[in-house]
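User: I've got a model open and I'd like to learn how to read its features. Can you walk me through it?

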Amino acid sequence: MDSTNHAFFAPCPRGLEAVLAEELTDLGAADVKATAGGVAFRGTLAFGYRVNLQSRIASRILLRIADGSYRDEHDVYDAANAIRWQDWFTPQQRIKVKVSAHHCPLKSLDFVTLRVKDAVCDRFQFARGKRPTVDTHAPDILIAVYLDASTCTFYLDTSGEPLFKRGWRKSAGEAPIRENLAAGILRLSKWTADTVLYDPMCGSGTFVIEAALMASRVAPGIGRHFAFEKLLSFDTRRLNELRTELKAMEIPIKPGLIHAADDNAHAITSIKANLTIAGSGDAVTLQQGDVLQLPAPAESGLLVTNPPYGHRMGEAESLRTFYPQFGDHLKKHFCGWTVQIFTADLKLPGQLRLAPSRRVPLFNGAIECRLFEFRMVAGSLRKTRAGGV
Ligand SMILES: C[S@@+](CC[C@H](N)C(=O)[O-])C[C@H]1O[C@@H](n2cnc3c(N)ncnc32)[C@H](O)[C@@H]1O
């Protein structure tokens, strides 16, 4: 198989770049460099397979094909037309071009998209006497183009469906967070499988299922397909070897390690269904109940949760009474625990009347959020005045 050292870019939820860079380094990536919105790295094409199968935090893996400087749409066309696309895929495959930009001086990204599509098709017409067709819904090949102020960079997507689609989520529940965001939060929390983990408002179970997959060393992409399987360079044998290697690394989870609860019966049904599909049916101890009534499942551990965030009038009212009670409950029953709360409510610590030991800005899509960490040590947490954080 091709042993060239290729350049890749892995986009991720904003705020997780540093932990994604750590994860990629652990996997063996070279020249790892975190930038806003993702991480650049180098490796062979086979390493690209590995990252697709094993990264818990990347949203997708893009293979950099070429770049060039530009001043106008003609320059972008010329740069795209100079690429030997026929080395990567065939004109029988359906393509989609997706352009994104930052500080780009050009007026219309739609027009740039059209010119790149023309350049690719013209190149195939010249090289093979046939043009690929465009399919914006279910393309075989996604060509991603990124424009900054003066450089256009061309990528081939190697993932296909975003990597947070692990395949275990059949039942969504209320406002689930994305799997790679949950995995990134677990990594930011420095959780390892020797610490008890508890999500008392688990919804569809994203945190605990990601934790179960981490603890049992299951590669998150082990059961799915990837866009790299449609590239001419695809090596089936290498992918099969990798799958076999990763399967052999799986281990059973210690009983009593991961706990989840929710007061909503639908959430419990939904997490049960998701756990079964994830193959982690017995790994999580589940309870239906109100978080304020449930005791801590162990003397110490990591509580990680994404509590309800009320947009509607009535909800916001009831949460105003819920949060101080939740804060008191943590103080009374969770001494010795570290608590990580992921929320879009930037004033949450004030409502809990707890002082965070760390606050990490993170984005859930376009929504600015925080991961607040509270170290529950007896007597030291009560805030002197409510509201101030
Ligand atoms: C934002 S959702 C959590 C979503 C979850 N992180 C996921 O990815 O699916 C909040 C959850 O808190 C639960 N919840 C709200 N109030 C609760 C309470 N007092 N006790 C237990 N669970 C509660 C809701 O039923 C809902 O499932």
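Predicted model: local features only at pLDDT ≥ 70, side-chain atom pairs only at ≥ 80, totals over all residues.

User: Okay, how far is the ligand's oxygen atom from the side chain of Ser 204?

Analyst: An N or O atom in the Ser 204 side chain sits 2.6 Å from a ligand oxygen. For a nitrogen atom of the ligand, look at Asn 306, which has a polar side-chain atom 3.1 Å away.

User: And how much of the ligand does the protein bury?

Analyst: The protein buries 92% of the 600 Å² that the ligand exposes when taken alone. There are 21 residues around the ligand, and those that come nearest are Ile 177, Ser 204, Thr 206, Asp 262 and Val 291.

User: Let's zoom out. Which domains is the protein divided into?

Analyst: Domain 1 covers 6–157, while domain 2 is made of 179–218 + 251–375. Their centres, taken over C-alpha atoms, are 35 Å apart. Twelve residues from domain 1 and 15 residues from domain 2 take part in the contact.

User: How should I think about the nonpolar residues?

Analyst: The general idea is that in soluble globular proteins, nonpolar side chains tend to be buried together. Here the largest nonpolar core has 90 residues, and Phe 89, Leu 147 and Phe 154 have the most contacts inside it. Helix 6 (residues 206–215) gives the most to this core, with seven residues.

User: Why does this core lie between domain 1 and domain 2?

Analyst: Because domain 1 (6–157) and domain 2 (179–218 + 251–375) both give residues to it. There's also a second, separate core of 22 residues, with Met 201, Leu 294, Leu 348 and Leu 352 among them.

User: What does Leu 147 touch?

Analyst: Leaving aside residues up to four places away in sequence, its contacts include Tyr 70, Val 76, Val 99, His 102, Leu 106 and Val 112.

User: What about backbone angles?

Analyst: Most residues other than glycine have a negative phi. Asp 31 is not a glycine, yet its phi is positive, about 50°. Asp 31 belongs to strand 2 (residues 30–35), and it is exposed, with a relative accessible area of 55%. Arg 353 has a positive phi too, about 60°, although it is not a glycine. Arg 353 sits in the loop between helix 10 (348–352) and strand 13 (358–364) and is partly exposed, at 36% relative accessible area.

User: One last stop: which residues does Asn 364 touch?

Analyst: Not counting residues up to four places away in sequence, Asn 364 touches Ile 177, Leu 181, Phe 342 and Cys 369. Asn 364 and Phe 342 are 22 residues apart in sequence, and C-alpha to C-alpha they are 9.8 Å apart in space. Asn 364 is in strand 13 and counts as partly exposed, at 25% relative accessibility.

Note on methods: Residues numbered from 1 in each chain as written. Heavy atoms only, no water. Core = buried A, V, L, I, M, F, W, Y, C linked by side-chain atoms within 4.5 Å. Buried < 20%, exposed > 50% of the residue type's maximum accessible area, 1.4 Å probe, protein only. Helix = DSSP H or I, 4+ residues; strand = E, 2+ residues; numbered from the N terminus. Domains from an automatic or database assignment. Contact = heavy atoms within 4.5 Å. Near = heavy atom within 4 Å. Polar contact = N/O pair within 3.5 Å; in protein donor to acceptor, adjacent residues only side chain to side chain. Areas by Shrake-Rupley, 256 points an atom, 1.4 Å probe, with all protein chains shown as cover.
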